[in-house]
Amino acid sequence: MQQYSIANQAMTIGAYADAHAMDVVRTYRDDGRSGLTIEHRPALQALIRDVTGGHPGYAIILVLDVSRWGRFQRVDEAAFYEFLCWRAGVKVIYVAEAFANDDSPFAMIVKSIKRMMSAEYSRELSGKTVIGHRRLAGYGFHQGGKPGYGLARVVVDSDGKRRMGLKPGQWKGTATDRVLLVPGALHERRLVRWMFEQTAGGASFKAIARDLNARGEKTAQGNPWNCRTVAAIINSEKYIGNLVYGRHQKRLGARMTGSHEDDWVRCDGAIRPIIPRALFDAAHEAHKGRQTRMDDEAILRRARLLLEREGRLSTPLIDAEPGMPASQVCGRRFGGLTNMYRNLGYVQQRNAGCADARRAISTWRRSVTAFLADWLDENGSAVEQDGWHLRIDRAWTLSVTVLNASGKGKDIWFNHRPVEPTDVVVYARIRLGEAAPLDYIVLPGASGPVLPHRFYQHNGPLVDSCTYPSLAIIGDLARLSRLESQRCG
């Protein structure tokens with residue numbers, strides 16, 4: 001929106017600085033970046049890193065308004081980043097807001113409301129965008145994503161006249177233009193038809209992938225073929241000319257989820273077909289027959305032969321075995337590969353030290369959680385414990401997760417636990433056998449779903465700026481919580 005352009009923000013902020021005898025010594029700008037998360041905002045990450053690193057060279061941060069700080073879907077996340085600045089002695093001023101950001105109860109309430117309004121605006125905008133995409137998909141226009149192997153993208157104007165083809169990484173340049181899918185390179189189209197013919201003749205997806213790799217063929221992304229990439233082509237109606245939109249949905253940084261077939265948008269005949277409908281149906285019938293022919297006993301017999309030959313079972317071995325269903329199919333049939341192994345009397349070989357490591361990790365988790373509960377209680381906070389969760393002053397919640405080093409001489413810490421649904425999560429990095437944790441990563445619980453399962457010595461601006469040598473930061477949070485409670489009381 002024009003009123004939020006970078007130039008307008010800089011002009012308004014510059015005018016405020018002049019009026020208050022301030023010098024702007026540094027500018028952080030995220031051009032065209034979404035404010036939903038910090039992960040895709042390198043300038044905001046750099047700001048937090050500079051502030052928490054000490055001596056940033058300024059005492060005040062000027063922001064146009066609350067929404068420019070971020071439209072985080074968890075409003076506590078925006079407050080957390082502002083708190084990091086406050087803790088470092090750097091004040092945040094919203095120059096276009098009618099209230100003073102003076103830590104008064106009024107300012108706290110107004111900021112919270114405005115943050116919720118910003119998050120709601122993003123949700124409403126997302127809903128309108130989805131409606132627009134579904135409408136255009138119903139007319140047969142491509143709505144983003146990779147076109148698929150054997151297909152290409154072309155840009156057409158508002159009258160439907162072709163403008164140009166799009167290469168990978170290119171976008172249309174005019175809002176009124178649209179994108180259509182068309183048949184791609186001749187070699188790829190021939191390979192697609194060959195895959196359908198092989199499937200219709202009774203070949204498995206694994207066998208087709210094996211043949212493609214033996215011939216040196218690559219996917220559209222330049223990767224080797226596997227049963228999943230072959231299945232994606234055989235199951236796609238794009239190759240008979242039908243555009244289907246909305247099979248999966250992913251909104252506002254949430255995880256990808258499947259959609260019910262009734263919610264799909266279809267446009268038959270939107271693409272010039274690469275294969276005839278009869279070949280498409282024959283391939284599906286043949287694959288369906290392969291799936292129904294092999295019962296559970298037949299799968300177990302093949303798995304037992306594989307076990308006798310190899311002496312062990314694993315996902316890669318199952319996926320590479322000719323005539324054996326894919327590991328995903330086996331997992332669905334038996335409720336997981338472990339259950340299938342149990343039917344065969346096979347016990348997976350595990351590291352003998354894993355059980356000891358798990359016990360040590362649980363001991364550390366109990367120890368750090370108990371220490372925090374006792375320490376906060378001694379310093380005046382009311383602490384309630386429910387399992388692994390601590391509730392502090394009935395205002396916010398906290399949990400502890402232990403990250404264990406790999407023990408192979410590499411500084412890699414692993415987290416195999418789901419993130420607890422608390423306001424703050426403390427990640428204690430340990431090396432088994434040492435007397436104390438190496439350090440602590442303190443993050444809002446909302447950031448958990450986007451964090452990796454492994455951590456390194458340095459993990460990027462977000463994690464590094466929230467890494468502390470002790471748990472003193474938790475004491476600061478508790479004191480701030482009590483202070484606000486007293487003010488509001």
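**Pocket, salt bridges and local geometry**

The second largest pocket has a volume of about 1100 Å³. The structure examined here is a predicted model. The lining of this pocket comprises 35 residues. Those nearest its centre are Asp-76, Ala-79, Met-108, Leu-480 and Glu-484. Helix α4 supplies the largest share, with nine residues.

Salt bridges were searched for over the whole structure, and 16 were found. One of them lies in α16, where Arg-479 and Asp-476 are paired. Their closest N and O atoms are 2.2 Å apart. The two residues are three positions apart in helix α16, so about one helical turn separates them. Asp-476 has a relative accessible area of 19% and is therefore buried, the cut-off being under 20%. Arg-479 is partly exposed, because its relative accessibility is 44%. The pair is also part of a network of salt bridges, in which Arg-87 is linked with Asp-476 and Arg-479.

A second salt bridge joins the side chains of Arg-333 and Asp-296, with an N to O distance of 3.0 Å. This pair links distant parts of the chain, 37 residues apart. Arg-333 belongs to helix α12 (residues 327-334), and Asp-296 to helix α10 (residues 296-310). Arg-333 has 32% relative accessibility and so counts as partly exposed. Asp-296 is likewise partly exposed, with a relative accessible area of 32%.

Arg-68 and Asp-65 form another salt bridge. Here the closest N and O atoms are 4.0 Å apart. Asp-65 counts as buried because its relative accessibility is 10%.

Attention then turned to the surface. Ile-109, Ile-113, Met-116 and Met-117 make a nonpolar patch of about 400 Å². Met-117 is found in helix α5, which covers residues 105-138. With 53% relative accessibility, Met-117 counts as exposed, since the term applies over 50%.

Helix α6 spans residues 186-200 and has 15 residues. From its first C-alpha to its last, α6 reaches 21 Å. This is close to the expected 21 Å at 1.5 Å a residue. The buried residues of α6 are Leu-191, Val-192, Trp-194, Met-195, Phe-196 and Thr-199. Just after the helix, Gly-202 takes a positive phi of about 105°.

Positive phi values were also found in residues other than glycine. Ala-21 has a phi of about 55°. This alanine sits in the loop between α1 (6-19) and α2 (42-52). Its relative accessibility is 75%, so Ala-21 counts as exposed. Asp-393 is another such case, with phi near 55°. Asp-393 lies in the loop between β11 (389-392) and β12 (396-405). The relative accessible area of Asp-393 is 22%, and the residue is therefore partly exposed.

Definitions and conventions. Residues numbered from 1 in each chain as written. Predicted model: local features only at pLDDT ≥ 70, side-chain atom pairs only at ≥ 80, totals over all residues. Heavy atoms only, no water. Helix = DSSP H or I, 4+ residues; strand = E, 2+ residues; numbered from the N terminus. Expected span 1.5 Å × (residues − 1). Buried < 20%, exposed > 50% of the residue type's maximum accessible area, 1.4 Å probe, protein only. Patch = residues over 30% accessible without salt bridge, like charges linked within 9 Å, V, L, I, M, F, W, Y side chains within 5 Å. Areas by Shrake-Rupley, 256 points an atom, 1.4 Å probe, with all protein chains shown as cover. 1 Å grid on protein atoms, 1.4 Å probe; cavity = no way out; pocket = protein on both sides within 12 Å on 5 of 7 lines; lining within 4 Å. Points joined across faces, edges and corners; volume = space filled by probe spheres on them.
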